[in-house]
Amino acid sequence: GGGGGGARRREEGDWDCPECGSLVFAGRDTCFKCGWYFEEDKSAGGGSGLAEGEKGIVKPGGAIKLLAKLSPTLKRAWVAYSKVYGEGVTDPTKYGDEYIAEFLEYTSGLVIADLDKKAGKRPLGDGEQPPAKKKVTIKKAVAEKIEKLNSVGGLVAPINLRAVAASLAKLEESAALEALSLLEDQQDDIDDPNEFLRNQVQVLLEAEGIET
């Protein structure tokens, strides 16, 4: 530890963390429990150097220490980064704010790149706007047929218009109605009408030689 209420009796120079109240040993400038960084001169006045209730500042180094305790993976990342880009010293409080900011930018960039890759999205450049979503329109007769099928209650599960609209919109009205009629004829044997319709659309498009 680096402190700990009850671990030993208070000695001269020990100080109470103003954030979490833990007893911190003399000679330490960072709370062992919450990472609060004591920026004042603790030797002033023979005490903590802070008026009662006064708040200190959590410096970046102290924040990294706290986060490293919460996340072993972050701790490993910090140690690896310090060995490659730093001076080999792993104590975050030994580095300046600029170095720690570079570490945070680096790790944040890796997170964003990974999430963009998983989402299949290209990262947007500065000032670049995401592409507008295409509006899907569906024929009135098709929408009415879907509403009718849902209202009759013969389907095992209702048709979700949002789930099938984009697929049905690729078909001519007659072909879309044909797919819905086929669903109606086989509804007792179909567990997921939405998946059935999407598959039927693909079959019909392939029959017409249209790439999906």
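**Burial, helix faces and salt bridges**

Me: What is the relative accessible area of Asp91?
Reply: In this predicted model, local features need pLDDT of at least 70 and side-chain atom pairs count only at pLDDT 80 or more, while totals for chains, interfaces and linings use all residues. Residues are numbered from 1 along each chain as its sequence is written, and side-chain values use heavy atoms, with hydrogens and water left out. Buried means under 20% relative accessible area, exposed over 50%, and partly exposed in between (1.4 Å probe, protein chains only). Asp91 is partly exposed, because its relative accessible area is 22%.

Me: Which residue meets Asp91 in a salt bridge?
Reply: A salt bridge requires a side-chain nitrogen of Lys or Arg within 4 Å of a carboxyl oxygen of Asp or Glu. The side chain of Asp91 takes part in such a pair, at 3.5 Å from N to O, with that of Lys65. Asp91 lies in the loop between H2 and H3 and its partner in helix H1, so the pair ties together parts 26 residues apart in sequence.

Me: How many residues apart are Glu184 and Lys145?
Reply: The side chains of Glu184 and Lys145 meet in a salt bridge of 2.9 Å, N to O. The pair links distant parts of the chain, Glu184 being in helix H6 and Lys145 in helix H4. Glu184 counts as partly exposed because its relative accessibility is 30%, whereas Lys145 counts as buried at 17%. Their separation in number of residues is 39.

Me: What arc holds the buried residues of H4?
Reply: Helices are DSSP runs (H or I, at least four residues), numbered from the N terminus. The buried residues of H4 are Val142, Lys145, Ile146 and Leu149. Seen down the axis of H4, they line one face of the helix, because they fall within an arc of 100°.

Me: Which helices do the buried residues of H4 pack against?
Reply: Lys140, Glu147 and Ser151 are exposed on the other side of H4. The buried residues, in contrast, pack against helix H5 (161–168) and H6.

Me: How far apart are the end C-alpha atoms of helix H2?
Reply: The expected span of a helix is 1.5 Å times one less than its number of residues. The 14 residues of H2 (residues 72–85) should therefore span 20 Å. The distance between the end C-alpha atoms agrees, being 20 Å.

Me: Which helices are included in what covers the buried residues of H2?
Reply: Trp78, Tyr81 and Ser82 are the buried residues of H2. They line one face of the helix, since they fall within an arc of 100° when seen down the axis. The face turned away from the buried side carries the exposed residues Pro72, Thr73, Arg76, Lys83 and Val84. The cover of the buried residues includes helix H1 (60–70) and helix H3 (97–119).

Me: What is the relative accessibility of Leu183?
Reply: Leu183 is found in helix H6 (residues 173–185). Leaving aside neighbours within four places in sequence, Leu183 is in contact (heavy atoms within 4.5 Å) with Leu149, Leu155, Ile159, Ile190, Pro193, Phe196 and Leu197. Leu183 counts as buried because its relative accessibility is 0%.

Notes. Helix = DSSP H or I, 4+ residues; strand = E, 2+ residues; numbered from the N terminus. Arc of directions from axis to C-beta.
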